[in-house]
2 protein chains.
Amino acid sequence: MEDTQFQRICKALADPQRFAILQRIARESEVACMHLVAEFPIRPATISHHMRELSKAGLVEIRKEGKCAHLRVVRGVLAQYQRELRKRLSKQEL
Amino acid sequence: MEDTQFQRICKALADPQRFAILQRIARESEVACMHLVAEFPIRPATISHHMRELSKAGLVEIRKEGKCAHLRVVRGVLAQYQRELRKRLSKQEL
DNA sequence: CCGTCGATTCGATGGGCATCTAATCGTCCG
DNA sequence: CGGACGATTAGATGCCCATCGAATCGACGG
């Protein structure tokens, strides 16, 4: 895995509020952005910011449908991250 | 896993320099602190700071031997973190 | 008991980032 | 077309934290 993507994922997971949002998205196969805005005590602008970070990290995909945006967790990237973490912190790494 | 510890781990992994140090420690069963100071372009004060964060997160243990400190990765906590990550980001989480 | 050395602590500083408001964009509906 | 609504962007602000230098601590060797 690319070093920059790995770091983006680490940072994306590091903010509690952003992680909570990710966790919320992960509970269903898809979540509408407006639901997040309704459920979290955070302004739309900030939600949008977090979505961009999660998207840049590859952790979520954004599907636009008319006015609405729908978020979806990319489970493959999540699995890749965990593999990379194990790899980098294993004893036999060169 | 405690929520605070989970967040501490996430944050501890998020800083690239600190992760590099953790990765370095993970390569051997134990690393002397002065080795880290020698190998990384970072002042002792900053290394000490990172060690405190990694320690608070439970990711490393510090063994003092005379003047020297020896760092060791706590692999169990690492495994716990990965399990927790999977659990929190799985679809069937309540 | 003093000097040295590894490590820690303290206080200051600078940069990054989460958050906000306001403005803008894009889409839908009348 | 024009208003409404969801989303994004831009710019400002305040906080957290990585980093540093200097001071201190603790252990060891003369």
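User: What makes Ile9(B), Cys10(B), Ala12(B) and Leu13(B) count as buried or exposed in α1(B)?

Analyst: In this predicted model, a residue is called buried if 20 or more other C-beta atoms lie within 10 Å of its own, and exposed if 12 or fewer do. Ile9(B), Cys10(B), Ala12(B) and Leu13(B) are buried in α1(B), so each of them reaches the cut-off of 20.

User: Which exposed residues does the face turned away from the buried side of α1(B) carry?

Analyst: That face of α1(B) carries Asp3(B) and Thr4(B), both exposed.

User: What do the buried residues of α1(B) pack against?

Analyst: They pack against elements of both chains: α1 and α2 of chain A, and α2, α4 and α5 of chain B. Contact here requires C-beta atoms within 7 Å.

User: How do you know how the span of α1(B) compares with the expected one?

Analyst: Helix α1 of chain B, residues 3-14, has 12 residues. Its first and last C-alpha atoms are 17 Å apart, close to the 16 Å expected at 1.5 Å a residue.

User: What makes up the contact of chain B with chain A?

Analyst: Chain B gives 20 residues and chain A gives 19. On the side of chain B that touches chain A, α1, α2 and α5 each supply at least two residues. By class, that side of chain B has 11 nonpolar, four polar and five charged residues.

User: Why is the relation of chain B to chain A called a two-fold axis?

Analyst: A rotation of 180° with 0.0 Å of shift along its axis superposes chain B on chain A, with an RMSD of 0.0 Å. That is the relation of a two-fold axis. In chain B, the C-alpha nearest the axis belongs to Ala14(B), at 3.1 Å. The same surface serves both copies, as 95% of the contact residues of chain B recur in chain A.

User: What makes up the surface near DNA strand C?

Analyst: A residue is near the strand if its C-beta atom lies within 6 Å of it. There are 24 residues around DNA strand C, and the closest are Ala45(A), Gly66(A), Cys33(B), Met34(B) and Ala45(B). Two or more residues come from each of α4 of chain A and α3, α4 and β3 of chain B. The largest share, five residues, comes from α4(B). By class, the surface near DNA strand C has 12 nonpolar, five polar and seven charged residues.

Technical notes
Residues are numbered from 1 along each chain as its sequence is written. Chains are lettered from A and ligands numbered from 1 in the order in which they are written. This is a predicted model: local features need pLDDT of at least 70, side-chain atom pairs count only at pLDDT 80 or more; totals for chains, interfaces and linings use all residues. Helices (H or I, at least four residues) and strands (E, at least two) are DSSP runs, numbered from the N terminus. The expected span of a helix is 1.5 Å times one less than its number of residues. Two residues are in contact if their C-beta atoms, placed from the backbone, lie within 7 Å. Ala, Val, Leu, Ile, Met, Phe, Trp, Tyr, Cys and Pro count as nonpolar, Asp, Glu, Lys and Arg as charged, and the others, Gly among them, as polar. Copies are superposed by least squares on the C-alpha atoms of residues with pLDDT of at least 70 in both.
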